[in-house]
Structures are given as structure tokens and as C-alpha cells.
Amino acid sequence: MRPAWSSAYEDREGGLWLGSSDSGLWHLPANWRDFSLLARRVDDAGTPVYVDSAQAIRAAYRDIDDAFAGYPHAIHYALKANSTLAIVRLLRALGSRADANSAGEIEVALRAGFTPRDVVFTGVGKTRDEIAYAVARDVGTINAESAGARRPLPARAPPQAAEGR
């Protein structure tokens, strides 16, 4: 049986780390770009395989951060885009905060090293259990998409935290 790939991560030297649920990590050296070594690993492991470039993620993050350099700002990475721990940890290290859309995504953010105050819980249709989970972990912000969605929120939220838009 072939392993189920969970992540791929490019290191600072240009090497590639492939993480698999059952065979651990494989490292491809910086010359992996000739794709023959990568192709052999994929043949061994099977597809799908997802390869992400830490270098490209760093560059994109810097571009966004630099574009707002003259303004007070915070960048929040939407975990629903890709919640692979290596990517989330990289973005945290770059200074990002986390945008979580479920209790599971809050957990990923915390496992990746975000403090609860760096997490924004957003999205429609939050259940009472998910809200209780977010409150119990003291997430920084819980976005409510309507007045009705604010009803399950605890009364302990400070008045300035309850805003509409």
C-alpha cells in the first residue's frame, strides 16, 4: 500500500522535504528541480502529491506586508486555504496571524504555535459548540456575521469587542 502524502516543504537551501503519513520524511537535495529525483519519489509513493515552495510563500508574504508598510496592519492567513502545519508554521514565523473557520482550524493554529490572541474565528454558521470551543481557548476575535449570530456569544465580551459593519 502506498503512503498518503500529507505535505511537502522547501527548505532554505532549496531542498525539498516530503512528509508522509506512514513513511515519515524524505529529503530531496537542492538539485531536486531536475524533477527526476522527485519523479522517482512520487513513483514510490503514489499520487496525489502536493509540493509547495517556502521561497514563494515568503516572497508573497513580503509583497503583501510591504504593500501596507505605511499603514498599521496585520496579515491573517486563512487556514481554509491550506492548513498543512509546515505552511502554517512558516506563515506564523513570518509574522502572520490566523483566520480560522472552524474549531478544527483553531486547533491547527494552536498546534502551529499561534497564541490564541492571534486567532480570528470567522465564517458563517458557527455552532454553539464551536463558539464555546473558541471562547474556552480565548481566541482574539470571534466575528459574528449578523446580530442573530451574536446571541450565542458570551456576555463577558467587552463592549468595544462587539462591533457591526
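Which residue in E6 does Ala 98 stand opposite? View A gives the pairing. This is a predicted model, in which local features need pLDDT of at least 70, side-chain atom pairs count only at pLDDT 80 or more, and totals for chains, interfaces and linings use all residues. Residues are numbered from 1 along each chain as its sequence is written, and side-chain values use heavy atoms, with hydrogens and water left out.

**View A. Strands E5 and E6.** Ala 98 stands opposite Val 119 in E6. Strand E5 (residues 97-100) pairs with strand E6 (residues 119-121) in the parallel sense over three bridges. Strands are DSSP runs of E with at least two residues, helices are runs of H or I with at least four, and both are numbered from the N terminus; two strands pair if DSSP finds at least two bridges between them.

**View B. The open sheet.** Four strands with parallel pairing follow the order E4-E5-E6-E7. Strands E4 (76-78) and E7 (141-142) stand at the edges with a single partner strand each, so one side of each has no neighbour in the sheet.

**View C. Helix H3 and Gly 95.** In helix H3 (residues 85-94), the buried residues (under 20% relative accessible area, against over 50% for exposed and in between for partly exposed; 1.4 Å probe, protein chains only) are Leu 85, Ile 87, Val 88, Leu 90 and Leu 91. Gly 95 follows H3 and has a positive phi, near 115°.

**View D. Thr 122.** Thr 122 lies in the loop between E6 and helix H5 (128-136) and counts as buried at 19% relative accessibility. Leaving out residues up to four places away in sequence, Thr 122 touches Asp 99, Ala 100, Asn 101 and Asn 143 (contact means heavy atoms within 4.5 Å).
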